[in-house]
Amino acid sequence: DGGITQSPKYLFRKEGQNVTLSCEQNLNHDAMYWYRQDPGQGLRLIYYSQIVNDFQKGDIAEGYSVSREKKESFPLTVTSAQKNPTAFYLCASSPSGLAYTNEQFFGPGTRLTVL
Amino acid sequence: LAKTTQPISMDSYEGQEVNITCSHNNIATNDYITWYQQFPSQGPRFIIQGYKTKVTNEVASLFIPADRKSSTLSLPRVSLSDTAVYYCLVAQGGGATNKLIFGTGTLLAVQP
C-alpha cells in the first residue's frame with residue numbers, strides 16, 4: 001500500500017526544546033516537501049528536496065532544519081529558534097519531471113503544540 | 001510565481017453544480033493551473049490540472065479561457081462530502097523542481 005506516513009499525529013513539546021517530525025514515503029518519489037499550515041491559512045513551504053542529499057529552503061525556513069539521507073525519508077527538525085512553532089505540519093512528495101504535473105501527494109500531517 | 005485570487009467562501013446545496021473561479025492575471029507561458037482539495041486536519045489532495053481550454057476527469061472539470069487569465073473549477077452535483085477548502089495554484093509544470101504556492105483557498109460549504 002503506497003503512500004506517505006507522518007508521525008506522530010499529535011506532538012506536544014515544551015518551549016525551548018528541539019523536536020523532529022518524521023516523514024516517510026514508499027512511492028519512489030524523488031522530491032519531498034515540508035509545509036506549515038496555521039489556522040485558516042494556506043500552506044507555506046518550509047523546505048524541499050529534489051534528490052537525496054540535496055535540499056533547498058522554502059519561504060519560511062528560519063528555525064527549521066531538514067536532512068535527506070535516504071530517498072524515502074525527509075525528517076524536519078523544529079528548533080528552539082523557531083519563534084512560533086505551534087502549527088499543522090504537512091509533508092508531501094512528487095515524482096520528478098516525468099510529466100508536467102504539479103501533483104503532490106500529502107501525508108496526514110502532524111499537529112505540533114509547543115507549551 | 002503568479003498570484004491567484006479566488007473567493008474566500010461559497011455556499012451550495014446538495015445536487016447542485018458548483019463553479020469556483022480563480023483569477024491569475026500574470027500567468028506565464030510555462031505555467032499550469034492546478035486545483036487541490038483539503039479537508040480539515042488532512043493534507044491537500046490533487047483534483048485536476050490544465051493548461052488551456054477544458055480538462056475533465058472523474059471528479060471535476062477545469063475550464064480555461066483563451067487568455068488563461070482565469071480558470072473555473074466545476075464540481076458536478078456536489079454532496080455534503082465535498083465540503084472542503086479548494087486551492088487554485090499556478091506554477092510551472094515539472095514536479096520536483098516546482099514550488100507550489102497555496103493561498104487561503106475557497107471554503108465550499110455544501111448544505112443538505
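Me: In this predicted model, how many charged residues are in the lining of the largest pocket?
Reply: Asp, Glu, Lys and Arg count as charged, while Ala, Val, Leu, Ile, Met, Phe, Trp, Tyr, Cys and Pro count as nonpolar and the others, Gly among them, as polar. The lining of the largest pocket is made up of 22 residues. Split by class, 10 are nonpolar and 10 are polar. The charged residues number 2.

Me: Which element gives the most to the lining of the largest pocket?
Reply: Three strands each supply at least two lining residues: β9 (87–94) of chain A, and β8 (84–92) and β9 (106–111) of chain B. With 3 residues, the one that gives the most is β8(B).

Me: How many cavities of 30 Å³ or more does the count come to, and what volume has the largest cavity?
Reply: The count comes to 1 cavity of 30 Å³ or more. The largest cavity has a volume of about 40 Å³.

Me: Which residue of chain B lines the largest cavity?
Reply: By class, the lining has 3 nonpolar, 2 polar and 2 charged residues. From chain A come A:Lys9, A:Tyr10, A:Phe88, A:Pro108, A:Gly109 and A:Arg111. Chain B supplies B:Ser41.

Me: Is A:Tyr10 buried or exposed?
Reply: A:Tyr10 sits in strand β2 (residues 10–13) of chain A. With A:Phe12 and A:Leu115, A:Tyr10 forms a nonpolar surface patch of about 380 Å² accessible area together. Exposed means over 50% relative accessible area. A:Tyr10 has 52% relative accessibility, so A:Tyr10 counts as exposed.

Me: What kind of peptide bond joins A:Ser7 and A:Pro8?
Reply: Most peptide bonds are trans. A:Pro8 is in the loop between β1 (4–7) and β2 of chain A. Omega between A:Ser7 and A:Pro8 is about -10°. The bond is cis.

Me: Where does A:Asn53 lie, and what is its phi?
Reply: Most residues other than glycine have a negative phi. A:Asn53 lies in the loop between β5 (43–49) and β6 (56–57) of chain A. A:Asn53 is exposed, because its relative accessible area is 62%. Its phi is positive, near 65°.

Me: What is the phi of B:Thr53?
Reply: B:Thr53 is placed in strand β5 (residues 53–56) of chain B. At 52% relative accessibility, B:Thr53 counts as exposed. Its phi is positive, near 55°.

Me: Is B:Thr106 buried or exposed?
Reply: B:Thr106 belongs to strand β9 of chain B. The relative accessible area of B:Thr106 is 0%, so B:Thr106 is buried.

Me: How many salt bridges does a search of the whole structure find?
Reply: Side chains of opposite charge can pair when their charged atoms come close. The search covers all chains. The total is 3 salt bridges.

Me: How many residues apart in sequence are the parts tied together by A:Lys71 and A:Asp30?
Reply: A:Lys71 and A:Asp30 form a salt bridge, with the closest N and O atoms 3.5 Å apart. A:Lys71 is in the loop between β7 (64–66) and β8 (76–78) of chain A, and A:Asp30 in the loop between β3 (19–25) and β4 (31–37), so the pair ties together parts that are 41 residues apart.

Me: How exposed are A:Lys71 and A:Asp30?
Reply: A:Lys71 has 24% relative accessibility. A:Asp30 has a relative accessible area of 25%. Buried means under 20% and exposed over 50%. So A:Lys71 counts as partly exposed, and A:Asp30 is partly exposed.

Me: Which residues are linked in a network of salt bridges?
Reply: A:Asp38 meets A:Arg36 in a salt bridge at 3.0 Å, N to O. A:Asp38 also forms a salt bridge with A:Arg44, the closest N and O atoms being 2.8 Å apart. The network links A:Arg36, A:Asp38 and A:Arg44.

Me: Is A:Asp38 buried or exposed?
Reply: A:Arg44 counts as partly exposed at 39% relative accessibility. A:Arg36 is buried, as is A:Asp38. A:Asp38 has 14% relative accessibility, so A:Asp38 counts as buried.

Technical notes:
Residues are numbered from 1 along each chain as its sequence is written. Chains are lettered from A and ligands numbered from 1 in the order in which they are written. This is a predicted model: local features need pLDDT of at least 70, side-chain atom pairs count only at pLDDT 80 or more; totals for chains, interfaces and linings use all residues. Side-chain values use heavy atoms; hydrogens and water are left out. On a 1 Å grid over the protein atoms alone, a cavity is a set of points where a 1.4 Å probe fits but cannot get out, and a pocket is an open set with protein on both sides within 12 Å along at least five of seven lines; lining residues have an atom within 4 Å of a point. Helices (H or I, at least four residues) and strands (E, at least two) are DSSP runs, numbered from the N terminus. Patches are made of residues with over 30% relative accessible area and no salt bridge: like charges are joined within 9 Å, nonpolar side chains (Val, Leu, Ile, Met, Phe, Trp, Tyr) within 5 Å. Accessible areas come from the Shrake-Rupley method with a 1.4 Å probe; for residues, only the protein chains shown count as cover. A salt bridge is a side-chain nitrogen of Lys or Arg within 4 Å of a carboxyl oxygen of Asp or Glu. Buried means under 20% relative accessible area, exposed over 50%, partly exposed in between (1.4 Å probe, protein chains only). Grid points are joined across faces, edges and corners, and a volume is the space filled by probe spheres set on the points.
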